[in-house]
Amino acid sequence: MAGESDYIVTFEGVRKSYNGGEYVVKNLDLQVRRGEFLTLLGPSGSGKSTTLMMLAGFESPTQGNILLNNVVLNNIPAYKRDIGVVFQNYALFPHMTVEENVAFSLQVRKVPKNQIADKVKRALDMVHLGPFASRNPAQLSGGQQQRVAMARALVFEPKLVLLDEPLGALDKNLREDMQIELKHIHENLGVTMVFVTHDQDEALIMSDRIAVFNDGIIQQIDRPEVIYNQPKNKFVATFIGETNMLKGTISSLDDDCYVVALAGGNTIRAKRVESLSIGQTVSVSVRPEKASFIKQNSEIDYVNQITSSVVEIIYHGDHLCLTLNNGQDSDFIVKVPTEYLNHEFSPGQQVAVGFQPENCRLLSS
Ligand code: ADP
Ligand code: MG
């Protein structure tokens, strides 16, 4: 639309403290792109829900502004914000049928009566609940109830939908189905979604962008593959996915690689992505799936090679995780295909693993 900015929501220097305590959201600057699926990911207590509640209008910022379509929201009550919300514990009305629960969203917004039945039907069909329209919530499974909550949030066709751990109470299989379904609803409607989760897999699967929260601060905001492959700091590297952290000291700069001397005497070459100084203490993050065992007559020339002994072998069904330790550096985990079972690794065995400088992420903090 002409004149619409690329951003639907802007947080400007937003801080929040409850009852005059310390800030649980600290100086938040965040822009949500129109039409995107943005996930707020972080551990419990990192300020994700508080951020969402301020946007929904259930909490107000202690400092700063929140803008929706360039209009400052601070004093606009929740029901006037045209925002759909699905919260984990935002219960359905037990005495109303599924249909009535969804219709309620339209009635409070004064949608003309003759449009209500049709809109409710479309919303229920979208979440595959058409046949359940006249049931009561108590006659539905947890997953179905959560779909009603979703239909209720979508039925009035808001441009922005906020979801706070909506799949958190569902068991694994159902949760995975709903993740894909929600992703399709997002794609089909073109609506902007801001989604909260503490589950990193869920964030990686669903999001256009992920904002990683810790301690009331966004540590990094970017596309899932950038968050995973180019974490900005140790917190992001360890919170998202598994990683090996090798501690060392930068000894030189060789072409486009820093040479890092590890405590155990090995050296590792890591691609230079930012300027660091010689002598600086760093951690090198290497994802377990980026390291391979070096077979005899291997054709791949690994720039980094370390020798270590097998401590533990864990079978995961579709892969194996081997924990290695050389007695001086931290454990090093390698993720390998299950065919390796035939190689009969055993604890105590000496093995060589290799990995490339571009898969080594240097982290100073
Ligand atoms: P998250 O959703 O990331 O788990 P929250 O935003 O719920 O984090 O909480 C951030 C911090 O604010 C926590 O320390 C939490 O205890 C505190 N907090 C949340 N809600 C309230 C409240 N209503 N009153 C007082 N403290 C709160
Ligand atoms: Mg929360």
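How many helices and strands does the secondary structure of the protein come to? The protein has 8 helices and 20 strands, taken as DSSP runs numbered from the N terminus, with H or I over at least four residues for helices and E over at least two for strands.

## About the model

This is a predicted model, in which local features need pLDDT of at least 70 and side-chain atom pairs count only at pLDDT 80 or more, while totals for chains, interfaces and linings use all residues. Residues are numbered from 1 along each chain as its sequence is written, chains are lettered from A and ligands numbered from 1 in the order in which they are written, and side-chain values use heavy atoms, with hydrogens and water left out.

## Overall build

Taken along the principal axes, the C-alpha atoms fill a box of roughly 75 × 45 × 40 Å. The protein has 365 residues, and 47% of them count as buried (under 20% relative accessible area, with exposed over 50% and partly exposed in between; 1.4 Å probe, protein chains only). The accessible surface, from the Shrake-Rupley method with a 1.4 Å probe, comes to about 18100 Å², and carbon and sulfur atoms hold 47% of it.

## Strand 17 and the cysteines

Let's look at Thr323, which sits in strand 17 (residues 320–325). Thr323 is buried, at a relative accessible area of 12%. Leaving out residues up to four places away in sequence, Thr323 touches Ser309, Val310, Val311, Glu312, Asp331, Phe332 and Ile333.

A disulfide is a pair of cysteine sulfur atoms within 2.5 Å, and by this rule the count is 0. For Cys321, the nearest cysteine sulfur is that of Cys360, 18 Å away. Cys321 is also buried, with a relative accessible area of 7%. Cys360 is in no disulfide either, as its nearest cysteine sulfur, that of Cys257, is 8.4 Å away. Cys360 counts as buried too, at 4% relative accessibility.

## The second largest pocket

Here a pocket is an open set of points on a 1 Å grid over the protein atoms alone, where a 1.4 Å probe fits, with protein on both sides within 12 Å along at least five of seven lines; lining residues have an atom within 4 Å of a point. The second largest pocket has a volume of about 320 Å³. Its lining has 17 residues, and the closest to its centre are Leu154, Glu157, Pro158, Leu189 and Val191.

Helix 3 (residues 113–126) gives the most to this lining, with 4 residues. By type, the lining divides into 8 nonpolar, 3 polar and 6 charged residues.

Key
Contact = heavy atoms within 4.5 Å. Points joined across faces, edges and corners; volume = space filled by probe spheres on them. Nonpolar A, V, L, I, M, F, W, Y, C, P; charged D, E, K, R; others polar.
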